[in-house]
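Colleague: I have a model open here and would like to go through it with you. Could you start with the terms you will be using, and then take my questions as they come?

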Amino acid sequence: MRPKVMWHLLRRYMASRLHSLRMGGYLFSGSQAPQLSPALMRALGQKCPNLKRLCLHVANLSMVPITSLPCTLRTLELHSCEISMAWLLKEQDPTVLPLLECIVLDRVPAFRDEHLQGLTRFRALRSLVLGGTYRVTETGLDMGLQELSYLQRLEVLGCTLSADSTLLAISRHLRDVRKIRLTVRGLSAPGLSVLEGMPALESLCLLGPLITPEMPSPREILSSCLTMPKLRVLELQGLGWEGQEAERILSKGLPHCMVIVRACPKESMDWWM
């Protein structure tokens with residue numbers, strides 16, 4: 001949608017009833033393509049005072065300061081977006097987005113360690129999704145989670161980080177995490193064992209398809225899960241175990257859990273799906 005059309009909708013139709021908005025930009029359409037502006041974002045906040053969720057796709061936000069986003073947001077999703085280096089740094093105004101509880105960073109190439117550490121300004125943040133953020137390092141993740149100890153949900157998907165290093169950082173700093181979802185690249189039985197005894201973990205999801213020789217066996221996964229007192233959901237996706245002996249072992253060994261073993265769903269190339 002072109003910004004001019006969005007302005008028209010704001011003036012004529014959008015008001016206090018709008019709670020969630022999904023928008024697509026023109027990031028890959030060349031330098032002459034229309035882009036989202038700070039004025040449009042500020043108008044969105046003024047015209048839609050009850051807007052709670054904003055989802056942006058393929059948008060160039062390099063000239064849109066984070067301070068222009070609606071202050072009522074509780075969920076912010078960025079998919080294949082470009083941001084400026086100053087967007088999430090610690091030095092920015094700590095009062096920005098005071099209600100933000102969930103942030104999704106999916107294929108945001110500029111996102112790096114410094115941005116991760118800057119998320120500490122969002123004191124209401126409880127849910128973080130990192131997808132394909134290849135500039136985040138193992139050291140950066142460890143340092144970032146140390147200051148985000150209040151997170152209750154963490155997803156690390158398709159990144160260059162190994163699953164073992166991610167779980168180690170989680171076990172060190174996120175003792176109250178309730179939901180973990182991560183790609184199994186670089187996962188081993190010793191790496192999974194660091195989650196043993198996690199007191200609040202309710203849901204664990206391991207996603208393929210990259211299975212390495214070190215990948216824990218179904219019985220090793222079962223052994224670790226039995227030490228998690230509040231675990232209620234175990235999901236294994238894209239590991240090729242559906243309908244196999246592995247599914248029977250896990251379902252029988254975890255009668256108190258919902259065990260989900262399934263193939264990876266096909267991803268749509270259309271951002272509006």
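Modeller: Let me begin with cavities: on a 1 Å grid over the protein atoms alone, a cavity is a set of points where a 1.4 Å probe fits but cannot get out, and its lining residues have an atom within 4 Å of a point. Grid points are joined across faces, edges and corners, and a volume is the space filled by probe spheres set on the points. This is a predicted model, in which local features need pLDDT of at least 70 and side-chain atom pairs count only at pLDDT 80 or more, whereas totals for chains, interfaces and linings use all residues. Residues are numbered from 1 along each chain as its sequence is written, and side-chain values use heavy atoms, with hydrogens and water left out.

Colleague: How much space lies in the largest cavity?

Modeller: About 60 Å³, and a search of the whole structure finds one cavity of 30 Å³ or more.

Colleague: Which residues line the largest cavity?

Modeller: The lining is made up of V156, L157, G158, C159, L161, S162, A163, T166, L182, T183 and R185. At least two lining residues come from each of β6 (153-157), α5 (163-173) and β7 (179-183), where helices (H or I, at least four residues) and strands (E, at least two) are DSSP runs numbered from the N terminus.

Colleague: And how do the residues of that lining divide into nonpolar, polar and charged?

Modeller: Six are nonpolar, four polar and one charged, with Ala, Val, Leu, Ile, Met, Phe, Trp, Tyr, Cys and Pro taken as nonpolar, Asp, Glu, Lys and Arg as charged, and the others, Gly among them, as polar.

Colleague: Stepping back, what does the secondary structure come to, and what share of the residues is buried?

Modeller: The protein has eight helices and ten strands, and 49% of its 273 residues count as buried. Buried here means under 20% relative accessible area, exposed over 50%, and partly exposed in between, with a 1.4 Å probe and protein chains only. Among contacts (heavy atoms within 4.5 Å) between residues at least 6 apart in sequence, 72% join residues at least 24 apart.

Colleague: Changing topic, how many disulfides does a search find?

Modeller: Zero, over the whole structure, counting as a disulfide a pair of cysteine sulfur atoms within 2.5 Å.

Colleague: Which residues of helix α7 are buried?

Modeller: In α7 (residues 218-225), P218, I221, L222, S224 and C225 are buried. They cover an arc of only 165 degrees around the axis, which puts them on the same side of α7; the arc is that of the directions from the helix axis to the C-beta atoms. Those buried residues pack against α6 (189-193), β8 (203-207), β9 (233-237) and α8 (245-253).

Colleague: What about α4, and what covers its buried residues?

Modeller: The buried residues of α4 (residues 138-146) are G140, L141, D142, G144 and L145, and their cover includes α3 (113-118), β5 (127-131), β6 and α5. D142 has a relative accessible area of 18%, and, leaving aside its neighbours within four places in sequence, D142 is in contact with A169, R172 and H173.

Conventions:
On a 1 Å grid over the protein atoms alone, a cavity is a set of points where a 1.4 Å probe fits but cannot get out, and a pocket is an open set with protein on both sides within 12 Å along at least five of seven lines; lining residues have an atom within 4 Å of a point.
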